[in-house]
Amino acid sequence: MSARRADAIIVGAGIVGAACAVALARDGLRVLVIDAGGAALGTTAAGMGHVVVMDDSPEQLALTRYSQSLWRAQDDAVRAASELDWCGTVWVAEDEAQLEALPAKQQLYRDHGLETEVLDETTLIEAEPHLRRGLPGGLLVPSDAVIYQPAATIALLALARTMGAEVLQRMPVEEIVPCGVRCGADTLRADVIVNAAGAAAASLTPQLPVIPRKGHLVITERYPGFCRHQVAELGYLASAHVMTSESVAFNVQPRSTGQVMVGSSRELVGWDASMNRRVLGRMIARACEFMPALADLVAVRTWTGFRPATPDKLPLIGRWPDVPGLWIAAGHEGLGITTSLGTATLLADLVASREPAIDAAPFAPDRAVTAGVH
Ligand SMILES: Cc1cc2nc3c(=O)[nH]c(=O)nc-3n(C[C@H](O)[C@H](O)[C@H](O)COP(=O)(O)OP(=O)(O)OC[C@H]3O[C@@H](n4cnc5c(N)ncnc54)[C@H](O)[C@@H]3O)c2cc1C
């Protein structure tokens, strides 16, 4: 396929761009994916890979629930490459107030077809023996998963290629123009242009309210069975929701290698990718408060990444009215691994003028967003 004769050009070969490539190619469009660097090397490589239903807002719940169901139904090769592990999540209550809120949370999940189990002090420890004694309880959500998202992204791109898509790497897009993208002296044309440039989306479409929100992660040596579920404090949602300049929350993940991934932090420091030892120290101290045995594990690597954050914590999915042919699939903050498939299906439905499975209006890129992030 000639690069100049694509029907759809996707800017960004992260997990969102890769998922969009599959969805649009499946609809018969000739897809060209362009990335300034390499596939799955942006935020996608820096995330945790928790495929989780989150209930920060009804819209977030609808999109995460929908997306998770699409991970379940994903192509066999993609599922295998993604190392999908349906290990479930244990949300840990830190105090009685959080514990008392659990039945309502459980009911909300039930309303969306998800069965959960409220854990008391004893069953919490049975579920995760390394948690600190004396924690009042928690909520087990068995239907959540963990994936290895760089491999999932590469597998999605491979699947798109089998449907005729082409992927160009190390090719920065300098400008998005009506029905086209400019790369150096070349302008590549297509009826559909998708800005899936993650945290850098606003560098190409400056009006987009997307900014980088930095996070640190740590991964340990191999300790198979150290934790059995993704384990996170219930306060994680508040840490993600409130756009403070800095926050940390307890969040650990078992990897298929036996390693334990420890998160997470959030900072608004622009594109400063440096290791902030103070924040990292706070993050690890928080994790050890909940799971003291973590202090005995050997960490092998730490890194940072940039979540593509929006003011209302919802991604931007849909047509961008100011530029002919332009569509947006960006701004997924800390849920882009989970919501990539839902985003892509929603976007393809909108491009094809089909009725989407969930309401797309809350994700319209030109919706009024308050509490500006710029
Ligand atoms: C610490 C941390 C933990 C996380 N944990 C989770 C989790 O457990 N679960 C979850 O669901 N999500 C998680 N996330 C969020 C998730 O990683 C992101 O939401 C997701 O990876 C965003 O994917 P993307 O494809 O939009 O962006 P990216 O992966 O950043 O891809 C965008 C691509 O666009 C390219 N690009 C940018 N500008 C240009 C240009 N001008 N020309 C060409 N190409 C360009 C970049 O090179 C990049 O490859 C986490 C994120 C972080 C940082």
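Predicted model: local features only at pLDDT ≥ 70, side-chain atom pairs only at ≥ 80, totals over all residues.
## Helix H3 and its packing

Two residues are in contact here if their C-beta atoms, placed from the backbone, lie within 7 Å. The buried residues of H3 pack against strand S3 (50-51), strand S7 (145-146) and H12. Those buried positions are Gln60, Leu63, Thr64, Arg65, Tyr66, Ser67, Gln68, Leu70 and Trp71.

H3 covers residues 58-72, and at 1.5 Å a residue its 15 residues should span 21 Å; the end C-alpha atoms are 21 Å apart, so the two values agree.

The domain assignment of the protein gives domain 1 (3-66 + 149-209 + 313-363) and domain 2 (89-142 + 211-309). Their C-alpha centres lie 28 Å apart. Domain 1 brings 22 residues to the contact, and domain 2 brings 24 residues. On the side of domain 1 that touches domain 2, H2 and H3 each supply at least two residues. By class, that side has nine nonpolar, eight polar and five charged residues.

## Around the ligand

Which residues come nearest to the ligand? Of the 43 residues around the ligand, these are Gly14, Gly42, Gly47, Gly198 and Gly336. Several elements give two or more residues to the shell: helix H1 (15-26), helix H2 (43-46), strand S13 (211-222), strand S16 (259-267), strand S17 (299-309) and helix H12 (336-351). Sorted by class, the shell has 21 nonpolar, 19 polar and three charged residues.

Is Thr304 buried, exposed or partly exposed? A residue needs 20 or more C-beta neighbours within 10 Å to be buried; Thr304 has 19 inside 10 Å, so it counts as partly exposed.

Leaving aside neighbours within four places in sequence, Thr304 is in contact with Ala46, Lys214, Gly215, His216, Ala273 and Met275. Met275 is 29 residues away from Thr304 along the chain, yet their C-alpha atoms are separated by 6.9 Å.

## The nonpolar core

The largest nonpolar core has 121 residues, and those with the most contacts inside it are Ile9, Cys20, Ala21, Val31, Leu156, Val194 and Leu347. H1 gives the most to this core, with ten residues. The core draws at least three residues from each of domain 1 and domain 2.

Cys20 makes a handy example to follow in the viewer. Neighbours within four places in sequence aside, Cys20 is in contact with Ile10, Val194, Ala196, Ala329, Ala344 and Leu347.

## Helix H8

H8 is mostly covered, with ten of its 14 residues buried. The buried residues are Gln149, Pro150, Ala152, Thr153, Ile154, Ala155, Leu156, Leu157, Leu159 and Ala160, and they pack against H1, strand S2 (31-34), H2, helix H4 (76-81), strand S8 (166-168) and H12.

The same span check works here: at 1.5 Å a residue, the 14 residues of H8 (residues 149-162) should span 20 Å, and its end C-alpha atoms are 20 Å apart, which agrees. Just after H8, Gly164 takes a positive phi of about 100°.

Definitions and conventions
Residues numbered from 1 in each chain as written. Near = placed C-beta within 6 Å. Helix = DSSP H or I, 4+ residues; strand = E, 2+ residues; numbered from the N terminus. Nonpolar A, V, L, I, M, F, W, Y, C, P; charged D, E, K, R; others polar. Expected span 1.5 Å × (residues − 1). Buried ≥ 20, exposed ≤ 12 C-beta atoms within 10 Å, placed from the backbone. Core = buried A, V, L, I, M, F, W, Y, C linked by C-beta atoms within 7 Å. Domains from an automatic or database assignment.
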